Amino acid sequence: MKSETVSHLNDAVQRFQLVLDQYPIGHPDHAAALTNLASARFGGYIQNHLQEIDSTTPLFRDALALRPQGHPDHTLSLFNLIRALIWRHSKEFTAAYIHESAQLCCKLLPLCPEGTYLRSIGIHSVVNYVINDLTVDASDENIHLRRNILERCPVGQQLRPRVLDKFSWALRLRFRQRGNIDDLDEGIQFLREAVSLCSEGHTGRHEYLDNLACSLTSRFDHQGNPNDLDEAISLHEEALRLCPVGHELRGFLLSSLGGDLVTRFRKWGDVEDITRAISLRRETLTLHPPGHPHRHTTLNNLAIALLTRYDKSDASEDLTEAIDRYRESLQLTRLDSPERHVTLCSLSSALSSRFKQTLENEDVEEAISLCQEALASLHLLHPRRSNIHAWLQRAYLSRYDIQGNPADLSSAMEHLRQSSIHPTEGFPQRILVAIDWARHAENYQHASALEAYRMCFELFDNHVMTRSSITSRREAATAFRGARSLPVGAASCAIRRENLRQAVELLEQGRGQQWSLASRFRTPVEDLESANPKLAHVYMELSMRVSNAAQSSATITDRAAADQAATEYRRLTRQWEAAVSEIRNLQAFSRFLLPTSYEDLRAAAYKGPVVILIASQYFCSAIIVPTLGEPHHVPLPTITLADLVILKDRFTRAIRHASRMNPAETRTDLIVLLRIVWDEIMLPIVKVLEGVLKLQRRSRIWLCPTAAFTSIPLHAANPFLTKADRSKEPCLEDLYICSYTPTLSALVRSRQRTKRRVTPSFVAIGQGQPGAGKGKALLAVDSELELVHKLVPATANRSTISGDAATRAGALQALEENTWVHLACHGKQDPTQPYNSHFVMRDEHLTLLDIMDKDIPHAEFAFLSACHTAVGDKETPDEVIHLAAGLQFSGFKSVVGTLWEVDDAVAKHIVEAFYKYMFNPKDGGVMDCTKAAWALNCATHAVKTKVPLEQRMVFIHIGV
């Protein structure tokens with residue numbers, strides 16, 4: 001700047017300062033004087049003459065405060081302050097400046113529609129700077145801010161494509177950290193819109209195409225849908241066509257396309273894909289000759305493709321070149337490069353592969369050394385340390401496979417442990433590592449297997465806890481391949497180590513996480529109230545608020561509102577966790593809400609033994625938890641997991657066939673299957689119950705099936721044999737009164753429900769005319785309701801809801817207001833989203849989510865005379881998410897449900913017999929829900945001549 005100009009600028013600043021001194025606070029021109037002085041100083045700062053930006057920004061801020069929204073110069077003052085902040089950010093790179101600028105842009109954009117003055121003087125460049133330089137992070141605050149910016153850039157606004165693009169980056173990053181597929185899906189939607197807004201010839205179209213392709217690849221990695229990967233490749237190819245030879249981004253796009261082709265080759269093995277990928281990466285290498293800043297990355301990518309082809313073809317020349325390329329890449333990578341550890345680990349992997357081929361010890365030793373160098377280069381909380389520990393595990397395991405040194409196996413397991421506990425890696429990646437740890441520990445029979453399983457369950461619990469809605473928790477639980485078998489795998493591992501107590505504990509910890517998580521916020525706290533009333537009140541208040549936040553999140557469709565709800569949920573959860581931590585510091589409450597110990601779980605067997613049936617890939621067996629003493633293991637050597645899957649399918653076909661038969665016909669197929677259930681599953685268990693536990697006949701037992709056992713009608717096991725005296729061999733239900741329980745904890749919770757008795761009230765809800773498209777008319781419903789009404793003791797407050805009154809709202813209100821409920825209607829189990837399973841009412845469906853939303857502590861008993869009310873979720877069978885379990889969770893201690901379709905014309909015979917046994921006149925009108933299992937047992941025996949076999953065994957009892 002010329003000295004004359006500097007002199008003029010200094011003179012202007014001095015004069016504007018004098019003017020400001022003459023127009024003190026309160027003067028109508030004070031804001032204008034502030035703006036003029038700030039603008040003069042700002043001009044000097046831009047020209048690198050004045051260094052007083054620290055005192056300039058506050059002047060713009062003060063001027064804005066004097067010009068609130070509605071003031072004619074409010075918009076200009078906003079613009080001036082944003083310019084000053086982004087200029088400071090461009091020089092100092094302080095995140096607070098760009099963050100404040102973004103918040104102010106949210107206020108500025110709606111005030112500057114197309115055609116206004118500020119649009120003409122460069123608002124686009126200012127806002128574009130903010131959009132591009134606003135830190136892309138996964139915080140809820142950042143996401144919320146970007147959503148605000150997007151809402152202020154409507155369709156047709158020039159900035160919208162760039163805003164959509166940057167927003168998608170933040171969502172993809174949050175997906176990587178938290179694993180919520182909704183974030184990735186929304187980001188993909190935004191990028192599709194950005195691409196649609198940029199027609200052929202638009203300068204930014206190739207960038208949006210590439211980003212969309214990368215997001216689709218991420219979704220493929222998560223969900224495995226081949227259409228996503230194919231589309232990503234197609235989009236990369238289109239982007240590449242828009243960047244001919246000579247374009248600055250062509251090398252980057254070549255590399256991205258090559259990466260997707262490598263992925264597709266790994267998945268489906270098409271040699272053309274890997275050949276083309278290597279060709280593309282060789283072309284990229286020619287675009288990045290020696291001296292190019294990205295040559296080391298290109299060499300690394302080419303090596304990855306070569307090593308991938310080697311893994312499939314065992315072509316030693318590919319492995320040799322891959323190692324050479326990795327070494328060349330490493331030589332070009334600066335020692336202080338933040339990405340050096342990536343090449344170190346890649347070279348380590350290649351050397352481990354060569355070690356398996358050549359058995360040269362130098363290779364595996366170098367592989368280990370490289371990973372250790374990579375670890376040393378990163379600070380202790382760097383997220384990538386988790387990945388490096390996983391790489392080290394592979395190297396040590398490679399050497400163990402060849403040399404058999406137990407120390408290498410121990411090192412491999414230790415690095416898996418370190419990888420799974422690394423605090424700054426996201427839960428999804430840590431869960432995958434923990435699953436690998438459990439799998440390897442099992443395969444190599446390492447002592448850490450049980451610890452690995454416990455880590456899996458702890459990480460799952462923490463991961464699911466971050467989800468603010470019930471449905472998203474299930475999505476999180478089903479997202480990991482191999483996770484479904486972990487609970488039974490853990491139990492079978494503990495059984496092999498002859499630790500039956502731990503087998504029960506691990507099985508309980510790993511199963512039913514959806515119910516366990518939700519029930520945390522409904523834990524009875526009578527004991528805590530006595531010990532510390534104030535803390536009990538705080539805990540109950542926070543539990544209610546967290547539970548309400550989780551339930552309401554499930555129904556929010558607006559994304560901005562959903563983000564805010566999720567933020568609030570996590571804030572409340574942190575407060576709740578702090579309260580729980582404080583409770584655990586109290587004497588006698590150290591295990592408050594922790595995984596239940598065997599001593600506590602044994603309370604489930606208070607009224608009779610609980611039989612846990614375990615179906616794992618290793619073996620099938622049962623554990624009997626007795627009322628007193630140690631658990632008993634019952635091997636089931638003649639049946640396997642594969643046999644159970646076949647048995648389930650055979651039952652499905654046999655029941656479907658029986659439903660089309662004449663009631664008087666013999667159900668031969670079903671009889672054959674029930675004999676198998678008796679001989680191979682229940683008979684070994686009965687022998688222990690009778691011979692070891694000396695359990696008397698007609699005692700109560702509870703069945704707790706896991707995995708494939710959940711689809712088998714165990715209660716109906718029957719030898720169908722005749723003795724020499726022509727009497728029948730007893731079946732399971734002749735010997736014992738059978739009930740089911742989803743988990744031991746569910747049964748314990750039902751027993752712990754408040755003991756305060758209230759006057760019994762009974763409501764019969766029926767819907768036989770559900771309306772068009774909701775199922776066929778159920779002609780016997782009204783007569784069933786009348787029958788039930790007559791059989792209920794007059795001492796109870798009886799009511800009936802049917803026809804037009806049997807609506808969703810009416811049914812929900814009845815569930816809340818009555819202690820006993822009889823439901824006669826259509827029931828539908830949703831196989832893909834079990835929380836949408838429902839009872840069909842007159843208007844809207846009464847869903848499982850609706851039922852779970854209610855906490856009914858005084859509820860006693862529910863009879864579900866509807867189809868499929870006790871059928872679990874095929875994706876998470878150990879979660880047993882069904883309507884009957886939902887009613888039990890909401891407070892009903894005793895529930896009768898159904899396993900398949902009910903014929904309402906014959907079901908009324910069982911209903912009538914059930915209530916006659918339930919309400920025997922000799923009982924003096926006393927209503928006791930603990931009689932339900934006995935009453936159902938007696939009823940199914942009493943109607944043998946009236947009701948066919950498949951309709952007798954369809955009803956099961958759950959609970960106390």
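Some conventions apply throughout. Residues are numbered from 1 along each chain as its sequence is written, and side-chain values use heavy atoms, with hydrogens and water left out. Because the model is predicted, local features need pLDDT of at least 70 and side-chain atom pairs count only at pLDDT 80 or more, while totals for chains, interfaces and linings use all residues. Helices (H or I, at least four residues) and strands (E, at least two) are DSSP runs, numbered from the N terminus.

I begin with helix 8, which comprises the twelve residues 140–151. From its first C-alpha to its last, helix 8 reaches 16 Å, close to the 16 Å expected at 1.5 Å a residue; the expected span is 1.5 Å times one less than the number of residues. How many of its twelve residues are buried? Nine are, so helix 8 is largely enclosed by the rest of the structure. Here buried means under 20% relative accessible area, exposed over 50%, and partly exposed in between, with a 1.4 Å probe and protein chains only. The buried residues include Ile143, Leu145, Ile149 and Leu150, and among them are also Asp140, Arg146 and Arg147.

The next element is helix 21, residues 427–443, in which His440 lies. His440 is buried, at a relative accessible area of 13%. Which residues does His440 touch, leaving aside those up to four places away in sequence? They are Gln393, Leu397, Met413 and Leu416, where contact means heavy atoms within 4.5 Å.

The loop between helix 21 and helix 22 (449–465) holds Gln445. Its phi is near 50 degrees, a positive value in a residue other than glycine. Gln445 is exposed, with a relative accessible area of 71%.

Ala707 also has a positive phi, of about 45 degrees, although it is not a glycine. Ala707 is located in the loop between strand 4 (699–705) and helix 33 (732–735). Is Ala707 buried or exposed? Ala707 is buried, its relative accessible area being 13%.

Three strands form an open sheet in the order 9-10-11, with antiparallel pairing. Strand 9 (827–828) and strand 11 (846–847) are the edge strands, each pairing on one side only. Two strands pair if DSSP finds at least two bridges between them. Strand 10 (residues 838–839) is joined to strand 11 by two bridges, and these strands run antiparallel. Within strand 11, Leu846 is the bridge partner of Phe839.
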